[in-house]
Amino acid sequence: MITLKELTNIEELEQLEIIEQNVWGMESLPVHQTLTAVKNGGIIVGAFDNNKIIGFSYGFAGFKDDQVYLCSHMLGIETEYRSKKIGEQLKKKQLEIAQQKGYTEIHWTYDPLETRNGYLNLSKLNGISSVYMENAYGEMKDGLNKGLPSDRFEVHWHITSDHVKNPPVYDNPIFLNSVSNHSQVPVCSQLDDTSLTEAVYAVEVPKDFQRIKNEDKNAALDWRMKTRELFNKLFESGYAAIQLIPGKYTAHYIFVKKDTLKLGGNQK
């Protein structure tokens, strides 16, 4: 049985080290840094199988445009515990604690071509994204990210909004790209450059981007650059990504006008 708890002291925070190394293959965050974060508005939640820590989420206090929010920076789960909805449990526990502390928004980033993350962040948690960050973290050398520009969606989770509590459903989107297969590697084969005037759009992406990265780096880079162009165009035109719908070999994002969403409060 998986249990969740907020981590607040040195002994608890020291347990994060092994997961950080296993998930990202990098040096762990210094405990003095994570301890300072949780003493100043940050939230770290651990997931445990009995007494063994198997996952965590880490967020610290953020401030921008006269708004305070929780910046959710890391979420890691041991390999054998993935695909068991533990990431969703960690985020919901984070939301619960954040509301207790007075937060109304949580922000974080993820690679928009990693569909597992997109499905959790947008379709399950009802976050939205209208900010595209090109090469957000520069060159990253960990096992999941090395070899490509570190482009990211910035997710805004309006945790007290109607959108999170009762998200809208959209049908019949207009697709802005199409996908073909080349040697079993999906290729983004067409881009629609028409003006953006419809209510609902969709952008198709490969379902398993890590496989493409491993099998064909050029195809992976092509996906990065073509979707970068499309996502930037949509965001600059006032659209937000609100869902990711998975299929057998691909998935597609749903985009609608951001000003039609019931977000409440600060919508920047």
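Visitor: Is Asn 50 buried or exposed?
Guide: Asn 50 has a relative accessibility of 61%. Buried means under 20% relative accessible area, exposed over 50% and partly exposed in between (1.4 Å probe, protein chains only). At 61%, therefore, Asn 50 counts as exposed.

Visitor: What am I looking at, by the way?
Guide: This is a predicted model, where local features need pLDDT of at least 70, side-chain atom pairs count only at pLDDT 80 or more, and totals for chains, interfaces and linings use all residues. Residues are numbered from 1 along each chain as its sequence is written, and side-chain values use heavy atoms, with hydrogens and water left out.

Visitor: Where is Asn 50 found, then?
Guide: Asn 50 is not a glycine, yet has a positive phi of about 60°. Helices (H or I, at least four residues) and strands (E, at least two) are DSSP runs, numbered from the N terminus. Asn 50 sits in the loop between strand S2 (43-49) and strand S3 (52-64).

Visitor: What relative accessible area does Ser 83 have?
Guide: Ser 83 lies in the loop between S4 and helix H4 (86-101). Ser 83 is not a glycine, and its phi is positive, about 60°. Ser 83 is exposed, because its relative accessible area is 64%.

Visitor: Which side chain of opposite charge is nearest to Glu 114?
Guide: Look in the loop between S5 and helix H5 (115-124), where Glu 114 has its place. Leaving out residues up to four places away in sequence, Glu 114 touches Phe 209 and Gln 210 (contact means heavy atoms within 4.5 Å). Glu 114 is buried yet has no salt bridge, that is, a side-chain nitrogen of Lys or Arg within 4 Å of a carboxyl oxygen of Asp or Glu.

Visitor: Is Ile 212 buried or exposed?
Guide: Ile 212 is part of helix H7 (residues 209-215). Apart from neighbours within four places in sequence, Ile 212 is in contact with Val 185, Pro 186, Pro 206, Lys 217, Ala 219, Ala 220 and Trp 223. Its relative accessibility is 0%, so Ile 212 counts as buried.

Visitor: How many Å apart in space are Ile 212 and Glu 20?
Guide: Along the sequence, Ile 212 and Glu 20 are 192 residues apart. In space, going C-alpha to C-alpha, the distance between Ile 212 and Glu 20 is 24 Å.

Conventions
Lys, Arg positive; Asp, Glu negative; His and termini not counted.
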